[in-house]
Amino acid sequence: MLTAYDYPIARILDESGIDIVLVGDSLGNVMLGYRNTLPVTMTEMIVHTQAVSRAVKRAMVVADMPFGSYQSDPSLAVKNAVDLIKAGAEAVKVEGAEYVEVIRRILKAGIPVMGHLGFTPQSVYKIGTRVQGLGTREKSRLLKDARALEKAGCFAVVLEMVEPKLAQQIKKALKIPVIGIGSGENLDGQVLVTYDLLGLYPKPPKFAKKYVDLAPMIKKAVRRFISG
Ligand code: KIV
């Protein structure tokens, strides 16, 4: 799974054979220059989900439910999930296990839900940016949360910055696919922010492997254009 927020990148990912294109709310920091994902609105998610879904012919498109779109009211959460599906997504992703009831309501509306545990960026002010699942209590809570998401009906779960041994334990405990980011190897899948992979985002997380460094290449091309 890789993220996309725009038509050309989504098209390239799809044509390259990626299984899932995630319109992540990382849109906020990566594309829109916000400090984090918290300011991202439903309107922004809808515009970018529309652009991505116009490009993707083959992969599954999953859209993030942004901060504030599901926390306050289950009926509003269902409406917002419906709006993302109308924008072209085939499933939505929800952070945390606190909203299992909301997840059930969204599923009841016929919308598949992907869970997201560990470092959940929408809770950055509460949990900070450290690896999750280090102490005994945190370990058992994460395992319990993962089981709760599976039981609620999530079709997959993302584990972000989860201590790798615990990530393996969670993978073994669940039947649904476990997709990792900064949570070690040998999970069912991996996800990265495409702009980190391409070297286009100036502040990538430490775990994000850069597969190509496009920023200097683009600068070189622009300088060639300037100098004629
Ligand atoms: O918003 C996002 O890009 C994500 C991935 C990092 C999993 O949630």
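## Exercises on Salt Bridges and a Pocket

Arginine 58 has a relative accessible area of 46% and is partly exposed. The exercises below concern a predicted model.

**Exercise 1.** Determine which residue meets arginine 58 in a salt bridge, and state where the two partners lie.

*Solution.* 
Step 1. The side chain of arginine 58 meets that of aspartate 14 in a salt bridge, with an N to O distance of 3.4 Å.
Step 2. Aspartate 14 belongs to helix 1, while arginine 58 is found in the loop between helix 3 (42-55) and strand 3 (60-64); the pair therefore ties together parts that are 44 residues apart in sequence.
Step 3. Aspartate 14 has a relative accessibility of 6% and counts as buried, because buried means under 20%. Arginine 58, at 46%, is partly exposed.

**Exercise 2.** Identify the salt-bridge partner of glutamate 138, and compare the classes of the two residues.

*Solution.* 
Step 1. The partner is arginine 130, and the N to O distance is 2.5 Å.
Step 2. Glutamate 138 counts as buried at 17% relative accessibility, whereas arginine 130 counts as partly exposed at 41%.
Step 3. By the rule applied here, the count of salt bridges comes to 8.

**Exercise 3.** Describe the volume, the lining and the residue classes of the largest pocket.

*Solution.* 
Step 1. The volume of the largest pocket is about 700 Å³.
Step 2. The lining consists of 33 residues, and those closest to the centre of the pocket are Asn29, Phe119, Pro121, Glu160 and Pro205.
Step 3. Helix 2 (27-30), strand 4 (91-95), helix 6 (124-127) and strand 6 (156-160) are the elements that give two or more residues to this lining.
Step 4. Divided by class, the lining has 17 nonpolar, 8 polar and 8 charged residues.

Conventions:
Residues are numbered from 1 along each chain as its sequence is written. This is a predicted model: local features need pLDDT of at least 70, side-chain atom pairs count only at pLDDT 80 or more; totals for chains, interfaces and linings use all residues. Side-chain values use heavy atoms; hydrogens and water are left out. A salt bridge is a side-chain nitrogen of Lys or Arg within 4 Å of a carboxyl oxygen of Asp or Glu. Helices (H or I, at least four residues) and strands (E, at least two) are DSSP runs, numbered from the N terminus. Buried means under 20% relative accessible area, exposed over 50%, partly exposed in between (1.4 Å probe, protein chains only). On a 1 Å grid over the protein atoms alone, a cavity is a set of points where a 1.4 Å probe fits but cannot get out, and a pocket is an open set with protein on both sides within 12 Å along at least five of seven lines; lining residues have an atom within 4 Å of a point. Grid points are joined across faces, edges and corners, and a volume is the space filled by probe spheres set on the points. Ala, Val, Leu, Ile, Met, Phe, Trp, Tyr, Cys and Pro count as nonpolar, Asp, Glu, Lys and Arg as charged, and the others, Gly among them, as polar.
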